[in-house]
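This report describes selected features of the structure shown below. Please keep the sequence at hand while reading.

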Amino acid sequence: MSPDRNPHLSLKLPVWRTRFVLVCLLTGFGAMGVRAMYLQGMDHEGLQAEGAKRYARVLEMPANRGMITDRHGEPLAVSTPVDTVAVTLGRGEISADQRAELATMLGLPRKDLDGKLAPGRRGVVFLKRQMPPEQAQRVLALDVPGLFLQREHRRYYPAGDVLSHVLGMTDVEERGTEGIERELDDRLAGRPGSRRVIKDLKGRVVEDLEHVRAPQQGQDIALSIDLKLQYLAYRELRQAVATHKAKAGSVVVLDAQSGEILALANVPTYNPNNRSRYDPGRARNRALVDLFEPGSTLKPFTIAAALESGRYTPDTVIATAGGALPMGRHVIRDVHAAGDLTVAQVLQKSSNVGTARMALSLPPRDLWAVLSSSGFGAVPNAGFPGEAGGRLRDPKTWKPIEQATMSYGHGISVSLMQLARAYSIFCTDGELLPVTLLKRAEAVEGTPVLQPKTARAMRDMLQLVTQPGGTAPKAQVAGYRVAGKTGTAHKLVNGAYAPDKYASSFVGLAPASAPRLIVAVLIDEPSAGQHYGGQVAAPVASAVLSGALRVLSVPPDLPVPRTPIPEVLDPVGEEV
Amino acid sequence: MIRLNLVLLLVAVLSALGVVTAEHRARGLVVDFENQQQLAQQLDEEWRQLQTEQSTYAMLPRIESVAARRLRMQVPAGGQVQMVDGPVRTASHP
């Protein structure tokens, strides 16, 4: 049909309209083609990233907190896996039955649970933190919609309350809050890493794309503590504190050759595995943090200073004037009044008057030098947060009465750790050893304080204390020579000495012929009648020493009467 | 010319299939590897737990009470001990 046949159909469109539509269409196609080429060829990375987003995941790579062990590798603090139970809300209706079961399994009151799962709330709710994994698995088996487990770790302390003061604790996030856990948090803490992976439909990792950050596992740390000695020290201390109805007590056991802390126990104590019943008063590491006036346990240092001056020998006779020495308004008294005593006897009988007279004959600076270089008045740096440094005043400010009282341990404050450490100058040939809570790999150098001659003379004199006629025969250990010194000090209450409150102490070393161990004991406020250091603290030291020397198989340095070993022992009963 | 093209096409197809199987096997290996790693982690955690368990059972007070009660052992008195000279191995852990 041609247009001229039918005029109605002879519709003549202007040429420009067809051309315009054609150009529009072609431009459109062209633009799409260019765009497609651009996406395929030039900008493909962006698109791939978009694609990867839909199946690539960033996974956290966990890092465990390091283990703390004793010197033989016994675990003392271990991270164990626990599960936190959480629910993503809005994933489906949680039936009343399920709620009831959840409440009983999690040990939550039903009301609290309903509050957490209230219909209006959104997001993730934590129902229970740190459940044992087996229990958590049973909760998961309930098939509650939206419920999931999150793996976490918590610290477990196998030794419980025996070593809690040294180890300290961590918080819920496993950050150290106290003790060694806090001091060495940087080394113990691991740093979790992360990596990007591709997961398939079933949630399995099928390709490792890249490690964003490698995880860093926490370091394991070996302490200088010997768990066997620690148990021993703790048991004896606890018993003594109970028998003497004391307020508190501490024991420190040092290796007399390396300065390592082999045991450090305090009573009262707490169980670090039970965070809910935490009480700061019980958690204080008294041996390192608390200060006390040592009393007579300080006398050996005065006497050592006297021997160093060259004006005294162990046999020099001192007149103790019947046990009373008037000093202005004060009178220095002895518990056991005596006449003339040799220097050795002054130490053996713990004469305040004898010690004070020796101290007063020395220039203040000489006495101060021995006390100061023995570590008094300075933080011992055992590697524990909050160690006390004590107070040793400048010798320029000393009045004679102060010099006299300080010579037998009043007007000076020390921590038990300082006292134990100071006695190392009598174990080595006059050298003060650095103390540490960490296991030492190599031998250490001490700082010289006394001449070797003086140190040996002191060691001999200190043995007299535990012999008949001394203040601490109860510190004896069968088979070993024990040297040591007792102390009984009135406690300061509101600036005055309380007549009925004592701090009883004893520091002992054994075997005295070649000391291996230093044991320092402090019993705070014994109130069952006895209060002398020789009655209260010395037996603890004796028990700890006798057990420790046996555990360490130290050869005896005293002949022991040989009792015949029975030929036949009773047969051991069969175990049932 | 056509023959060469056909051969090249065949080679290309074979290579493509090879890539697919290689990828598949690689993924299988990765899955295996992941499982083994998880197992290693589980075993590590179990080891820690067993260690704490061991130390709980080996606690000195417990050993002492078992020795004294069940085995009727006692600490020898000073006079019953004979010290032997010679190379002595001190108590230490393996």
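In which loop does P511(A) lie? P511(A) is placed in the loop between β18 and β19 of chain A, where helices (H or I, at least four residues) and strands (E, at least two) are DSSP runs, numbered from the N terminus. The bond joining A510(A) to P511(A) is a cis peptide bond, with omega about -20 degrees.

This is a predicted model, in which local features need pLDDT of at least 70 and side-chain atom pairs count only at pLDDT 80 or more, while totals for chains, interfaces and linings use all residues. Residues are numbered from 1 along each chain as its sequence is written, chains are lettered from A and ligands numbered from 1 in the order in which they are written, and side-chain values use heavy atoms, with hydrogens and water left out.

**The sheet and its helices**

Five strands of chain A form an open sheet in the order β10-β9-β19-β18-β17, with antiparallel pairing; two strands pair if DSSP finds at least two bridges between them. At the edges are β10 (261–267) and β17 (483–493) of chain A, each pairing on one side only. From one strand to the next, the twist averages 10 degrees. Within this sheet, β9 (residues 248–255) and β19 (residues 517–524) of chain A pair in the antiparallel sense over eight bridges, and D255(A) stands opposite L517(A) in β19(A).

Helix α9 (residues 227–243) of chain A lies across β9, β10 and β19 of chain A, at about 30 degrees to β10(A). Helix α21 (residues 538–551) of chain A also packs on the sheet, touching β9, β18 (496–510) and β19 of chain A, and its direction makes about 150 degrees with that of β19(A). Axes are lines fitted to C-alpha atoms, for helices over the stretch in contact (heavy atoms within 4.5 Å), and angles run from 0 to 180 degrees between N-to-C directions.

**Backbone features in loops**

A further cis peptide bond joins V267(A) and P268(A), with omega about 5 degrees; P268(A) is in the loop between β10 and α10 (280–283) of chain A. Two residues other than glycine have positive phi values, as tabulated; buried means under 20% relative accessible area, exposed over 50%, partly exposed in between (1.4 Å probe, protein chains only).

**A buried strand residue**

T80(A) is found in strand β3 (residues 75–88) of chain A and counts as buried because its relative accessibility is 12%. Leaving aside neighbours within four places in sequence, T80(A) is in contact with E152(A), H153(A), R154(A), Y156(A) and Q49(B).
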